[in-house]
Every structure is written in C-alpha cells, then in structure tokens.
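Biologist: Put the model up, please, and take me through it.

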Amino acid sequence: MRVVTGVVGNDIHVVANRLIEISLKERGFEVFNLGVNTYLEEFIDAVIETDADVLLISSLNGEAEGWSRDLLFLKSRFDLDGVLFAIGGNLSVGEATSEEIVPKYKAYGYDLVFHQVDLNTGIDTIEEVLKERA
Ligand code: B12
C-alpha cells in the first residue's frame, strides 16, 4: 500500500511527520513524504502521480482548516475514488474538542480525522479501515 504524507500549509513542525514516516515504513507501507510546508494541491498531485491508497496529512500549528477548504473541489476534479483521506495533529488554533472538530473536517472531505490522537493509534485505525475496504 502506498501513502502520501506531509504537513499542510505554512507549518514547519516536522517531528511528528518524521515519526509517522518511520511508523508507516515499519508497518510495510510505501511512503512518499512531502515534508513540511506542503500545499493541498501538491498533496493531490502526489496522490495521482504515485497512485496512492492513502493521503495522510498532519497539521500541528492548527491552521489546517483554512488549507482544507478546497479539498472537496479537488476531489471532484480528479478521480480519487478509493483513496483514503486522513488528517491528524492539532486541528484547531487554541482549544477545541474532537466533538467540535471531527464533523467540520469530515465536511471538508476527510474520511478519518484525528484531533490530538497519538500517531500509532491513528495508523492502527487507518489499517483497520483499509482491511475493511479490501
Ligand atoms: C517543537 C515546537 C515548535 C518548533 C518546531 C521545530 C520543528 N521544525 O519541528 C518551533 C519552535 C519552530 C515552533 C514554531 C511554532 N509553533 Co510550535 N511547538 C512545538 C512543540 C513544543 C512540540 C511539537 C513537537 O514536535 N512535538 C513532538 C511530536 C512527536 O508530537 P506532536 O507534534 O504533538 O504530534 C503528535 C500528535 O499530534 C500526532 N499526530 C501528528 N500528526 C498526525 C497525523 C495523523 C493522521 C495522526 C493520526 C496523528 C498525528 O502524532 C504525534 C505523536 O503522538 C509544541 C507544543 C507541544 N508540547 O506539543 C508547539 C506547538 C505545536 N506550536 C505551536 C505554535 C502556535 C507555533 C508557532 C505558530 C509559534 C509562533 N507564534 O511563531 C510556530 C509555527 C510556525 C509555523 N509556520 O508552523 C502551538 C500550536 C497551537 C495550536 N494548534 O493551537 C503548540 C501546540 C504550542 C502551544 N501550546 O501553543 N514550534
């Protein structure tokens, strides 16, 4: 399975991104890590170029909401059926609960939303969903 990952927008928090890459590789995924400061359009280009199964986006500075608004539009322009869209990290600027955050991001077009969830817990869930879809 192929995963495109990176940190969205003007966000330079790199540590979790590196740990996510290591964890995914340990689990047998082929990983295309675009790193920090990556725009949504660049993620979509990479998903198409690599024929990825999963797009896994991180946001730590909390600004992902603003960078996610075009996701549904981009999904409508390209054939991305079957790609699992996941996002995690700190998904708000300041305090917010998962109950507030998750529905918002799902409405932007993400299948799985992990607000302040440990990366391995999130990747466990991603693996479960991929198994169910297979
Ligand atoms: C180190 C750090 C920095 C370093 C980053 C160095 C680098 N190149 O990485 C520096 C000093 C540069 C920095 C800058 C800034 N930072 Co900073 N930073 C931190 C700090 C102290 C640690 C982050 C870290 O590396 N943690 C270790 C990793 C392993 O943990 P993590 O990031 O929490 O990620 C975990 C989960 O979120 C999860 N995860 C992450 N992504 C995903 C994705 C998925 C799919 C899943 C399932 C899970 C997942 O996995 C990780 C492990 O469990 C945090 C505070 C903190 N204690 O967390 C603030 C913090 C992230 N920073 C913050 C802010 C605001 C900034 C600045 C905007 C500050 C400023 N005014 O300039 C700038 C941002 C600049 C930019 N353009 O992005 C805020 C974000 C607040 C918010 N979201 O509301 C935090 C939370 C501090 C705070 N409490 O205010 N920062």
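Modeller: Helices (H or I, at least four residues) and strands (E, at least two) are DSSP runs, numbered from the N terminus. This is a predicted model: local features need pLDDT of at least 70, side-chain atom pairs count only at pLDDT 80 or more, and totals for chains, interfaces and linings use all residues. Residues are numbered from 1 along each chain as its sequence is written.

Biologist: Where is aspartate 51 found?

Modeller: Aspartate 51 sits in the loop between α2 (40-50) and β3. Its phi is positive, about 55°, although it is not a glycine.

Biologist: Is aspartate 51 buried or exposed?

Modeller: Exposed, because aspartate 51 has 8 other C-beta atoms within 10 Å. The cut-offs are 12 or fewer for exposed, 20 or more for buried, and partly exposed in between, with C-beta atoms placed from the backbone.

Biologist: And what about phi of glutamine 116?

Modeller: Phi of glutamine 116 is also positive, near 55°, and this residue is not a glycine either. Glutamine 116 lies in the loop between β5 (112-115) and α6. It has 13 C-beta neighbours inside 10 Å, so it counts as partly exposed.

Biologist: New topic. What does leucine 56 touch?

Modeller: Leaving out residues up to four places away in sequence, leucine 56 touches Val3, Thr5, Ile20 and Ala86. Contact means C-beta atoms, placed from the backbone, within 7 Å.

Biologist: Which residues make the contact between α1 and α6?

Modeller: On α1 (residues 15-26) and α6 (residues 119-133), whose axes come within 10 Å, Ala16, Leu19, Ile20, Ser23 and Leu24 of α1 meet Leu119, Asn120 and Ile123 of α6.

How values were computed. Contact = placed C-beta atoms within 7 Å. Axes fitted to C-alpha atoms, helices over the stretch in contact; angles between N-to-C directions.
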